[in-house]
Amino acid sequence: MERHRQQGVRTVHTAASMLAALCLFAGLSVTRAQAQAAGGPKARPGSVTVPAATGPNGTAIAPPKLVAITGGKLLTITHGTIENGVIVLEDGKIAAVGPAATTKVPKDAQVFDARGMTVYPGLFDAETNLGLTEVEADDASNDLVEKSDEISPQMRVVDAFHAETVRIPVQRINGVTNAIVAPASEDSVAGQDALIQLYGKDRNAMILTPDIALAMNFEGDVRRKGNGPGASKFPSTRMGLATQLRQAFLDTQNYMAEQAAAAKPDFKGTKPKKDLKFEALIPYLKGEKPVVFGAYESYEVEVAMGIAQEFHLKVILNHVTHAQDLLDTIASYKVPVIVGSIYDAPEANERYDAVFSLPAELQKRGVKIALASLSNGPVSDSRNLPYAAGYAVAYGLPYDEAMKAITLNPAEMFGVGDQLGSLDVGKVGNVVIANGDPLDVRTSVQQVFIGGVAIPMTSRQTQLRDQYLPLTQKPK
Amino acid sequence: MTASHGTLERGSVWVHQGKIAGVGVTVSAPADATVIDATGKFLTPGIIDPHSHSALSNDINEATSPVTPSMMMIDAFDNMDSALYRALAAGVTTELLLHGSANIIGGQAVVIKNKFGLSRDQMLFPNAPRSIKFASGENPKRVYGSRNELPSTRMGNFEVMRQSFEDARAYMASWDAYNAKVAKNDKDATAPKRDLKLEALADVLRGKLMVQIHCYRADEFLTEEAIAREYGYKIRAFHHALEMYKVGDQIAATGTAIATFADWWGYKDEAWDAIPWNATMSMREGVRVALKSDSNDYIRRLNQEAGKMIHYGGATEDEALQMITLNPAWIIGVDDRVGSIDTGKDADLVLWNVDPLSTYARAEKVYIDGELFFDSSLSGFGTTRFHGVMHSSGFTGAEDEEGGGL
């Protein structure tokens, strides 16, 4: 990386930027020969190895099955910070975590020297459209949501998930290893979410849990058939949306009763046919899986929770943004909350930090919170998720809670807290090495491990960068 | 953090009559000066956004003709818009409010100082140079092409532009001929009809308007520069400029700056090759680089966007800070008055709780022309001069957002 060598001769004014520049240099310049060396390379201080040639869908070919990350500051999430720690990854899982003094490094492991680095679990983005869109303005590349019916529980994002999207490598090299893929929030029942791992040779390798949750919304934006002059189709108001939602659940209960009756040995008559729409709602009506219920405004939250309680749904509240007047009530629901985006605007005549401080206010009241990268702007990149968490810290959220909000908390909300979200033995080997605080915009991720594999730290964007780097090096 | 001459670890700034009267480890301020203790905190110049559509009551695009150079953004400026308040609370003290990108040749910008709470006139940046917005690429061709009008292609875009300057040349020639006749006391001299549109285009050719061009692709930078050479004007800055890293060495030679995003990409085809290293790579190729918001959201954290440049390409703290202060000041043409903490410049200053390039930075106090306009420790809005009811023209404020202004 000549570019970074060139930086080295430029005036560097602070220790922090010096460190950043040097670590970038070290991180990117370790030779491929090292990575390919048999039995694992002998790493240099503060360096990490870059995986070699890539296989299908940007995966590493025949990566070592035994990896050790040594000397780093470990943010375990569940059991504090270990200043000089060792993590061993074996067959895709975390096999050991502990202080260097007491944690053995297997002698045939590929070693990543993380001295001077921060090591933390892969980040978990609680709502994304990854794999459902490529170029936002190009409709042919979008499979964001089926808009023909407000009630579409049978729509499954796994049927559209594009594993080879250019967008996933762009996000994962900044430390995001897992994400919920959700349909766009434009239906009352938009479809079923999937949990993905942001690395794998194909779709099947990347989808960890299909149909992990039901995406629901009670938001004014869904009134698309009636919001405005000339509105003629139901539902055109929030009253219509609420009625339609309740009727859908009542119809499903009725369907369940009919199916149960038909299943009895003494049933006479024509068996009712299977209806995929009702079938899709059954596990959620039974409370077996969570519904992710989006509501921006406090009054929308109250209506949504009323419907959820009527049908005993297992709720994760989502998109909660303008609820500063409802904090204690939300806490009393005892449901987890995906907040914001915290970058959504305060209401006119609210203080500038009314939304920035929402994660802190909810967490203070005992609410389990998560953050997601989806926001109102044209850009919703998972790679910026840690910065939203950091901004929540600037506005009062304790640091450890901010880390949890993008790791363990969303994993627990979606029922995979035993597999993801912390540095604990037995969990999936999703680990990140960075040259500093993960929540700070100035920090550079050096190496990401997904499923115990040191992934190639490349994306279409790094390829473009490297293709045009010679311009930068041209003598002036 | 001076933005022009590094960081003083325990520095002092003396402000007198709205100007910076001294800066250094010590300053020779009079004994009766009000002392603000900033121990442990960070002081920067006010942040400058060279590309904003805030506070224009959503009148961002006069998208009724591809050539509208006589539109004056000041005519839509709403000084009570809450977007200004939120930008002020984020340390933004100067903004260039631009026409949108629907038109090949859009309207003329207004430069404001973010003295939220004062009148419209009092918020104008005094004697700021005039800028005009041009646009190329997808937006004009989409807007007019979707109506089956010219332009519907990039060929159409540039031909509309060339024809406009031919018209302006003819207009200027007719006035030159008239003035020559008048000089000769020719009694038959008849004044040509004054035309606001052609006057504005003539001002571009006369170099009286700084040209700010919305432009994404590498080929289009080169075409725009060629047209500028052909008609004899200078391009002040390419805005968005997401592919500048591909041709930075050539554009650096023209002196044209860029106002770019830190890491936006992929929202449309012409943003597909955007990379977050664009700003630092273009800078190393010799281009003057500013970051900008084009958004009522991102304008609230331009400091973080600058901080990302340390991550993406190893910018130094000074380089990163210059991208949101001195360099955008140059693009607006006011770098002799704002953009750094230097004696003689306007006292536009922001006091931060921690290093402003970190995620954790909050603007605590914001001064413009030496006066405190925002103080986060105050209850309510934290504003010192605003005590009324704000307007809201919606949140996006972006010309490129789908469904938004354009």
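Predicted model: local features only at pLDDT ≥ 70, side-chain atom pairs only at ≥ 80, totals over all residues.
**Entry 1: chain B as a whole**

Residues are numbered from 1 along each chain as its sequence is written, while chains are lettered from A and ligands numbered from 1 in the order in which they are written.

I then listed the secondary structure of chain B and got 11 helices and 15 strands. Helices (H or I, at least four residues) and strands (E, at least two) are DSSP runs, numbered from the N terminus. The radius of gyration of chain B is 22 Å, close to the 22 Å from the globule rule for 406 residues, so chain B is as compact as a globular protein of that length. For that check, the radius is taken over C-alpha atoms, and the rule is 2.2 Å times the number of residues to the power 0.38. Along the principal axes, the C-alpha atoms of chain B fill a box of roughly 70 × 55 × 40 Å.

I also looked at contacts, meaning pairs whose C-beta atoms, placed from the backbone, lie within 7 Å. Taking those in chain B between residues at least 6 apart in sequence, I found that 69% join residues at least 24 apart.

**Entry 2**

Which strands make up the open sheet of four strands in chain B? The order is S3-S13-S14-S15, with antiparallel pairing; two strands pair if DSSP finds at least two bridges between them. I noted strand S3 (42-45) and strand S15 (371-375) of chain B as the edges, since each pairs on one side only. Neighbouring strands here are turned by 20 degrees against each other on average, direction ignored. Such angles use axes that are lines fitted to C-alpha atoms, for helices over the stretch in contact, and run from 0 to 180 degrees between N-to-C directions. Inside this sheet, strand S13 (residues 349-352) and strand S14 (residues 363-368) of chain B run antiparallel and share four bridges. I picked out one pair: B:Val350 has B:Val366 in S14(B) as its bridge partner.

The other sheet I opened is also listed as open, with six strands in the order S6-S8-S9-S10-S11-S12 (chain B) and mixed pairing. Its edge strands are S6 (105-108) and S12 (289-291) of chain B, and the twist averages 25 degrees from one strand to the next. Strand S9 (residues 210-215) and strand S10 (residues 235-240) of chain B run parallel, joined by five bridges. B:His214 stands opposite B:His239 in S10(B).

**Entry 2: buried elements in chain B**

Helix H9 (residues 302-311) of chain B has 10 of its 10 residues buried, so this helix is largely enclosed by the rest of the structure. Among them are B:Lys308, B:Glu305 and B:His311. After H9(B) comes B:Gly313, with a positive phi near 110 degrees.

Strand S4 (residues 47-52) of chain B reads likewise: six of the six residues are buried, so the strand is largely enclosed by the rest of the structure. S4(B) pairs with strand S5 (residues 92-97) of chain B in the parallel sense over four bridges, and B:Asp49 stands opposite B:Glu95 in S5(B).

Next I clicked on B:Val204, in helix H5 (residues 196-205) of chain B. Is B:Val204 buried or exposed? B:Val204 is buried, with 23 other C-beta atoms within 10 Å. Not counting residues up to four places away in sequence, B:Val204 touches B:Ile132, B:Leu209, B:Val211 and B:Tyr233.

**Entry 3: over to chain A**

The domain assignment of chain A gives domain 1 (2-122 + 428-473) and domain 2 (124-413); such bounds come from an automatic or database domain assignment. The contact takes 27 residues from domain 1 of chain A and 28 residues from domain 2 of chain A. On the side of domain 1 of chain A that touches domain 2 of chain A, the largest share, three residues, comes from S15(A).

Note on methods:
Contact = placed C-beta atoms within 7 Å. Buried ≥ 20, exposed ≤ 12 C-beta atoms within 10 Å, placed from the backbone.
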